[in-house]
Amino acid sequence: MGAYRQFIVYVAVPSKTRAGKTDKFPVDFRTGRVSNAHDAEIWTDHATAIAAAATMGPSYGIGFVFTEADPFFFVDLDDAALEDGTGWKPHAIAICNMMQGAAIEVSVSGRGLHIFGVGRPPAHRCESKYHIGGLYHTDRYAALTGIGATGNAATDCTQALPSLVDTYWQTDAGQAAGIGWTDC
């Protein structure tokens, strides 16, 4: 991912609408002003994003914007930690095992996981019908943490993506037929 100039800086603030949650707003790396993550003018390289976030303070971090121009996908598993904090829920472990070698990190909340790899998923829901999180490859950004990071985002998961979609992000019958389908 480091070879792509699609990094942003974000600021994390307590959510005003979701109790106990954090909102992450993209900001211009030059000014710190809240901006649109999909405005390529606020994208930068990895090193510049890290330096800018460090200069802005502890509430700032870096993210990556996924586009059609890059080969990556992003699985955002929400609330994947066991209630007692001793490990991960069975579906999270199964998904990580399906994406062998892909990059995995703990999310900002400390209760979720991010999985990054290479490959284009087949047509799919953006959000799982099981309410476990999302699967994205374009028009989305991920707040990166590096917490517990393992694996490599350059791992090609093309062969595993159809099974992942069939199991967790399968489209509805109308979507599968191309009716009402929109990309994530």
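Predicted model: local features only at pLDDT ≥ 70, side-chain atom pairs only at ≥ 80, totals over all residues.
Let me start with strand E4, residues 72-77, where strands (E, at least two residues) and helices (H or I, at least four) are DSSP runs numbered from the N terminus. Phe-72, Phe-74 and Asp-76 point one way from E4, Phe-73, Val-75 and Leu-77 point the other way, and all are buried, buried meaning under 20% relative accessible area, exposed over 50% and partly exposed in between, with a 1.4 Å probe and protein chains only.

Residues are numbered from 1 along each chain as its sequence is written, and side-chain values use heavy atoms, with hydrogens and water left out.

Now to the sheet around E4. Strands of a sheet pair through backbone hydrogen bonds, either parallel or antiparallel; here two strands pair if DSSP finds at least two bridges between them. E4 belongs to an open sheet of four strands in the order E5-E6-E4-E7, with antiparallel pairing. E5 and E7 stand at the edges, each with a single partner strand, so one side of each is left without a neighbour in the sheet. From one strand to the next the twist averages 10°, where axes are lines fitted to C-alpha atoms, for helices over the stretch in contact, and angles run from 0 to 180 degrees between N-to-C directions.

On one flank, E4 and E6 run antiparallel and are joined by six bridges, with Phe-74 opposite Phe-116 and Asp-76 opposite His-114. On the other flank, four bridges pair E4 with strand E7 (residues 133-136), again in the antiparallel sense, and here Val-75 stands opposite Leu-135.

If we leave aside its neighbours within four places in sequence, Val-75 is in contact (heavy atoms within 4.5 Å) with Ile-95, Leu-113, His-114, Ile-115, Gly-134, Leu-135, Leu-164 and Trp-169.

That leads to the nonpolar cores, each a set of buried Ala, Val, Leu, Ile, Met, Phe, Trp, Tyr and Cys residues joined through side-chain atoms within 4.5 Å. In the largest one, which has 22 residues, those touching the most other members are Val-75, Leu-77, Ile-95, Met-99, Ile-115, Leu-164 and Trp-169. Two or more residues come from each of E4, H2, E5, E6 and H3, and H3 gives the most, with four residues. Apart from this core lies another, of 21 residues, among them Val-9, Ala-52, Phe-74 and Ala-153.

Next, the helices. H2 lies across E4, E5 and E6, running at about 20° to E6. Two packed helices are described by the angle between their axes and the distance between the axes. The axes of H2 (residues 90-98) and H3 (residues 161-168) come within 10 Å and cross at roughly 160°. That makes H2 roughly antiparallel to H3, on a scale where under 35 degrees counts as roughly parallel, over 145 as roughly antiparallel, 65 to 115 as roughly perpendicular and the rest as oblique. His-91, Ala-94, Ile-95 and Met-98 in H2 meet Ser-163, Leu-164, Thr-167 and Tyr-168 in H3. The residues of this contact divide into five nonpolar, three polar and no charged, with Ala, Val, Leu, Ile, Met, Phe, Trp, Tyr, Cys and Pro counted as nonpolar, Asp, Glu, Lys and Arg as charged, and the others, Gly among them, as polar.

What about the loop between E5 and E6? Gly-110 is found there, between strand E5 (103-106) and strand E6 (113-118), and Gly-110 is partly exposed, with a relative accessible area of 37%. Arg-111 lies in the loop as well and, at 27% relative accessibility, also counts as partly exposed. Arg-111 and Leu-77, 34 residues apart in sequence, are 8.8 Å apart in space, C-alpha to C-alpha. Leaving aside neighbours within four places in sequence, the contacts of Arg-111 are Asp-79, Ala-80, Ala-81, Leu-82, Glu-83 and Trp-88.

Finally, the other sheet: four strands form an open sheet in the order E2-E1-E3-E8, with antiparallel pairing, and here the twist averages 40° from one strand to the next. Five bridges join strand E3 (residues 60-66) to E8, and Val-65 stands opposite Tyr-141 in E8.
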